[in-house]
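Please keep the model open while you read.

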Amino acid sequence: MVEEEDLPPNLLTQEMKRSNGDFIPPDGLCWVSVLSCLLLACSYVGSLYVWRSDLPRDHPAVIKRRFTSVLIVSGLSPLFVWTWREFTAVRSSSSLFALMGIRFEGIIPAIILPLLLTMVLFLGPLMQLAIDCPWSFTDGIRVAVDPCFWMLCLSDMRWLRNQVVAPLTEELVFRACMLPMLVPCAGPSTAIFTCPLFFGVAHFHHVIELLRFRQGTLSGIFLSAVFQFSYTAVFGAYTAFIFIRTGHLMGPVLCHSFCNYMGFPAISTALEHPQRLTVLSSYLLGVLLFFIFLFPFTEPFYYGSPTPVCSLTSSPSSLCFS
């Protein structure tokens, strides 16, 4: 029988025990973790409304103000994790920033493989985009390497919000900060499905603006909110999976930015496309290849196994090891 003192000291604290092979977190840890995540989520969403304005959310002045407040909250978000760690006495051999996925080990695979995996999933929409695009491949390459194109993008407040600020701050707050607080309580597998609930609920604030500016009927706004919650929750589970498997923040940020650019797949348009068979076949092939490559592309071996966040639990999980 394994005694408590025989357990590795980097796996939480002496208070964490095993009973019949099951992991038991210290008393009160789950409550503290959930409340900390809830406070962090409220701080993030609340920062968007500290500015009083009668302008819609897409107005450049509103976007700039929200950039300021959300970047401040995101910059302070590591303090939530540090305070939680000090209060709960949860310990790990990894540094605070490593637990949050900010590290150099395995950085190159973390940049390439999760993004490539996400592009495979979007094979159908990418094929549809390629067929409908009036540009040739060489024209696309020429535009992509043109500095003027990127200067134009960087001067567009909505592009900056959707492709840079939102992916970076949301993944930092809702994945990099929340998962280290949830994993010791729930374990890696459960944390993957718990963490997105905060992310999904946080997007309900869009309902406030839709109602405020009367952008649709009440039932339409409600259905839109339910759909957005479902979509963001599923997406949040996916990026949480990537974060735990790779131990890097960079992968989820790039995948988030790519998905914001692509938007939700236009399946109805695909069904009416002139080259419907080709497009729908690409949709099906993309989904099939995604599930085939899901685990191989996120193999922890490429990123330093086990990943730092997995050192926060003494409950073994196949997600954490090669």
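1. Buried means under 20% relative accessible area, exposed means over 50%, and partly exposed lies in between (1.4 Å probe, protein chains only).

2. A word on what you are looking at. This is a predicted model, in which local features need pLDDT of at least 70, side-chain atom pairs count only at pLDDT 80 or more, and totals for chains, interfaces and linings use all residues. Residues are numbered from 1 along each chain as its sequence is written, and side-chain values use heavy atoms, with hydrogens and water left out.

3. C177 counts as buried, at 0% relative accessibility.

4. Which cysteines do pair up? The count comes to two disulfides, and one of them joins C30 to C185, with an S to S distance of 1.9 Å. C30 sits in helix α1 (residues 29-47) and C185 in helix α8 (residues 157-186), so this pair ties together parts that are 155 residues apart in sequence. Helices here are DSSP runs (H or I, at least four residues), strands are runs of E (at least two), and both are numbered from the N terminus. The torsion about the S-S bond of C30 and C185 is about 110°, so this disulfide is right-handed. C30 is partly exposed at 29% relative accessible area, whereas C185 is buried at 13%.

5. A disulfide also joins C310 to C320, with 2.0 Å from S to S. Both cysteines lie in the segment after α14 (276-297), so the parts tied together are ten residues apart in sequence. With a torsion of about -75° about the S-S bond, the disulfide of C310 and C320 is left-handed. C310 is buried at 7% relative accessibility, and C320 is buried at 2%. With the bonded cysteines numbered in sequence order, the pairing reads 1-2, 3-4.

6. Now back to α1, which packs with helix α2 (residues 60-88) at an angle of about 170°, their axes 10 Å apart. Axes are lines fitted to C-alpha atoms, for helices over the stretch in contact, and angles run from 0 to 180 degrees between N-to-C directions. The two helices α1 and α2 are therefore roughly antiparallel, the word used for angles over 145 degrees. Among the residues that meet are L39, L40 and Y44 in α1, and F80, W84 and F87 in α2; contact means heavy atoms within 4.5 Å. The residues of this contact divide into ten nonpolar, eight polar and no charged. Nonpolar covers Ala, Val, Leu, Ile, Met, Phe, Trp, Tyr, Cys and Pro, charged covers Asp, Glu, Lys and Arg, and the others, Gly among them, are polar.

7. To finish, the whole chain. Its secondary structure comes to 14 helices and two strands, and buried residues make up 44% of its 322 residues. Of the contacts between residues at least 6 apart in sequence, 76% join residues at least 24 apart.

Note on methods: Disulfide = S-S within 2.5 Å. Parallel < 35°, antiparallel > 145°, perpendicular 65-115°, else oblique.
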